[in-house]
Amino acid sequence: MPLPPPHLDDRSFQDIVDETKRLIPRFTPEWTNHNVSDPGVALIELFAWMSEMVLFRVNQVPERLYVHFLNLVGVEPFPASTARTDLTFWLSAPTDKPVVVPAGTQVATAAGGAQEPVVFATVGERVIIPPTLVAAHTAAAHTGDAVEALGDLRYPGQAVVVFPSSPLAPGDSLLLGFADPLAGLVLRMDVEADAEGIGVDPRNPPLAWEVWSGEGWVAAQVHEDTTGGLNRDGSIVLVLPPVHQPLTLAGVGAHWLRARLTQPAPGQPTYEASPRLHSLSAHAVGATTPAEHAAVAPAERLGRSDGTPEQRFTVSRRPVARRRPDEVVRVITHDTATVWQEVPDFSASGPADLHVVWDSSTGEVRFGPRVRYPDGTVRQHGAIPPDGAEVAVTSYRHGGGAAGNVGSGTLTALRSTVPMVASVTNLRPATGGVDAESVDEAKTRGPLMLRTGMRAVTAGDYERLTHETSAEVARARCLPSADGRQPVRVLVVPRLAGDPRQHVIDDFALSSHLLDAVCEVLDERRPVGVAVEVGTPYYQGVSIAALVRALPGRPLPMVRDRILDALHRYVHPLTGGPDGTGWPFEADLTAAVVAQLIEAVEGVERVDEVQLFAFDLRNGRRVGVGRDALRLEPHALFLSAAHQVVVK
């Protein structure tokens with residue numbers, strides 16, 4: 001069976017005739033006789049017939065040539081992007097000396113069956129510095145006054161009242177100052193306390209641990225708390241955020257960590273009296289550092305130059321991850337190594353510019369071509385390595401793709417020994433891994449890019465440029481300014497892997513590197529004076545309650561699971577909507593449509609009732625009463641949450 005040829009141009013004979021006739025009023029307005037008997041129309045039909053024959057032959061070119069055609073006009077498929085996550089290294093015991101986790105430390109998933117383990121490597125060196133407590137204060141919420149408490153924590157027989165207000169007020173806090181920043185540290189605090197803070201649920205105390213980020217207080221993650229909320233002897237293990245800045249409080253400059261009494265949630269018991277601490281000591285038991293789904297390849301010598309233009313060399317491992325400043329191409333001549341600058345293309349390169357193009361997908365290193373222009377002049381774009389010079393690359397990273405989007409707690413196999421490190425894990429799932437762009441996807445993107453150029457003028461331009469920034473962008477929506485004085489808003493939905501039923505609102509947050517990349521591209525192409533704001537849509541939670549009758553003999557749990565799967569996929573920013581490409585912006589949800597969706601599920605006899613509820617995704621509860629329709633704001637998308645299906 002022959003392979004179906006690609007359709008580079010799908011215009012037919014009649015399409016060409018109609019298109020040519022539409023040009024007549026513009027170029028020859030005096031020509032008004034467009035009947036088939038007119039000689040001019042006969043010439044048009046002859047031209048259309050010949051053009052159709054040419055298009056037929058053009059459409060016979062193989063897929064490989066289509067890719068080359070795209071490359072000729074500057075459209076190349078996006079390379080694979082690497083997944084990223086934070087790895088937490090746990091020490092075998094607290095230490096009073098710094099512990100170094102080298103850059104490039106490899107951690108993999110556990111090997112199982114025939115599947116190859118997924119390998120991550122740390123992005124940079126991580127030094128775990130033991131914390132030094134230099135200050136402690138208690139602060140009342142209503143006055144803001146800070147009272148020194150470090151002495152009472154260090155001298156036996158003394159006690160510190162953690163929350164000084166009487167009666168207790170949300171916002172009362174215990175402030176601990178450290179000499180060095182605790183950014184990314186896993187901190188264990190051993191405390192001796194009296195059980196004075198009665199009335200609180202020790203498994204869910206109204207207590208928040210936070211650090212100062214330079215702009216505000218950022219929450220730390222409580223990994224373990226055996227003190228019941230500072231109520232008894234025990235330990236508190238905190239995973240601290242990656243930013244920690246100094247701050248001067250009560251005349252003391254330090255890096256502050258605070259325990260703040262929060263407003264209790266409905267049904268959550270709070271303290272009737274303040275806990276009392278007798279002692280507190282802090283130890284580093286681990287640290288968190290960024291890692292990516294990429295392995296480090298050693299430096300390579302690619303070959304020798306023959307002095308001709310447009311030379312090409314290929315590295316041994318691919319796809320190649322986005323290069324860092326220290327990952328470069330070098331040309332070695334007589335024991336002298338020259339670093340050549342990597343550029344996206346040679347369009348702006350002169351004959352003396354040491355420029356090189358490094359293709360991430362194929363691993364190909366290309367030097368500049370010599371181009372003959374229509375006026376007969378010849379110009380060299382980019383310098384040529386001298387004849388006999390050796391072309392080499394420094395160590396680089398390779399890998400990427402959707403396989404790197406592993407779940408939390410799966411990266412546990414330490415591939416190299418690190419002194420004082422006992423184990424490692426990822427507390428959060430890895431995100432951002434996307435496979436390389438397919439030819440079909442590039443074929444769709446290419447004509448759009450050629451049609452509108454590289455400037456951001458219309459809303460479609462902003463959306464197209466955002467899509468082209470990275471393969472991690474799944475959807476983009478531009479909200480133009482209504483009056484010209486407000487900024488243009490660009491809403492980005494990141495690409496996610498895995499089961500849509502497992503996606504939560506935090507998965508749709510934009511990573512810092514993706515946000516920076518989109519902002520950089522739009523800033524270069526926006527019109528002068530136009531402000532652009534990049535963010536995410538507002539994700540509006542939807543909880544669907546349905547009463548369903550199953551066909552006789554169908555297992556009820558199986559029917560219910562099928563219905564839940566259909567609902568989660570249908571009401572979803574990436575897989576939802578009628579066409580399965582994501583819930584449309586500004587499209588409302590109605591109970592009638594949901595009922596039709598459920599009725600189409602295998603095993604369903606009829607749908608007795610459907611109710612739609614708004615859902616607070618942050619607090620995890622329904623809002624208001626059930627209704628037959630939910631309206632969607634222009635800047636929002638629906639996201640499934642806590643559907644309830646009863647099958648009888």
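Me: Which residues does histidine 283 touch, not counting those up to four places away in sequence?
Reply: This is a predicted model, where local features need pLDDT of at least 70, side-chain atom pairs count only at pLDDT 80 or more, and totals for chains, interfaces and linings use all residues. Residues are numbered from 1 along each chain as its sequence is written, and side-chain values use heavy atoms, with hydrogens and water left out. Contact means heavy atoms within 4.5 Å. On that basis, histidine 283 touches Pro94, Pro131, Val186, Leu187, Arg188 and Asp190.

Me: Where is histidine 283 found, and what is its relative accessible area?
Reply: Histidine 283 is found in strand β17; strands (E, at least two residues) and helices (H or I, at least four) are DSSP runs, numbered from the N terminus. Buried means under 20% relative accessible area, exposed over 50%, and partly exposed in between, with a 1.4 Å probe and protein chains only. Histidine 283 falls in the partly exposed class, because its value is 25%.

Me: Which residues are in contact with leucine 277, leaving aside its neighbours within four places in sequence?
Reply: Leucine 277 is among the core members that touch the most others. Its contacts are Leu153, Gln158, Ala159, Val160, Val162, Leu174, Val191, Glu192, Ala193 and Leu230.

Me: Which residues does the second, separate core include?
Reply: This core has 29 residues. Among them are Ala546, Ala550, Val559 and Val594.

Me: What distance does helix α8 reach from its first C-alpha to its last?
Reply: Helix α8 (residues 556-570) has 15 residues. The expected span is 1.5 Å times one less than the number of residues, which comes to 21 Å for α8. The model is close to that, at 21 Å.

Me: Which residues of α8 are buried, and what do they pack against?
Reply: An α-helix has 3.6 residues a turn, so residues three or four places apart point the same way. In α8, the buried residues are Val559, Ile563, Leu564, Ala566, Leu567, His568 and Tyr570. They pack against β34 (538-550), β35 (589-590), α9 (591-599), β36 (604-616), β39 (636-640) and β40 (644-647).

Me: Why are α8 and α9 oblique to each other, and which residues make the contact?
Reply: Axes are lines fitted to C-alpha atoms, for helices over the stretch in contact, and angles run from 0 to 180 degrees between N-to-C directions. Angles under 35 degrees count as roughly parallel, over 145 as roughly antiparallel, 65 to 115 as roughly perpendicular and the rest as oblique. α8 and α9 pack at about 135 degrees, with axes 10 Å apart, so they are oblique. The contact joins Ile563, Ala566, Leu567 and Tyr570 of α8 to Val593, Val594, Leu597 and Ile598 of α9.

Me: Which residues of α6 and α7 meet?
Reply: Helix α6 (residues 459-469) packs on helix α7 (residues 512-525) at about 135 degrees, with axes 9 Å apart. They are therefore oblique to each other. Tyr462, Leu465, Thr466 and Thr469 in α6 meet Ala517, Val518, Val521, Leu522 and Arg525 in α7.

Me: Where is arginine 318, and which residues does it touch, not counting those up to four places away in sequence?
Reply: Arginine 318 sits in the loop between β20 (312-314) and β21 (329-333). It counts as partly exposed because its relative accessibility is 46%. Its peptide bond to proline 319 is cis, with omega near 0 degrees. Arginine 318 touches Ser361, Thr362, Gly363 and His398.

Me: What is phi of methionine 420?
Reply: Methionine 420 lies in the loop between β29 (411-414) and β30 (421-425). Its phi is positive, in a residue other than glycine. The value is near 75 degrees.

Note on methods:
A nonpolar core is a set of buried Ala, Val, Leu, Ile, Met, Phe, Trp, Tyr and Cys residues joined through side-chain atoms within 4.5 Å.
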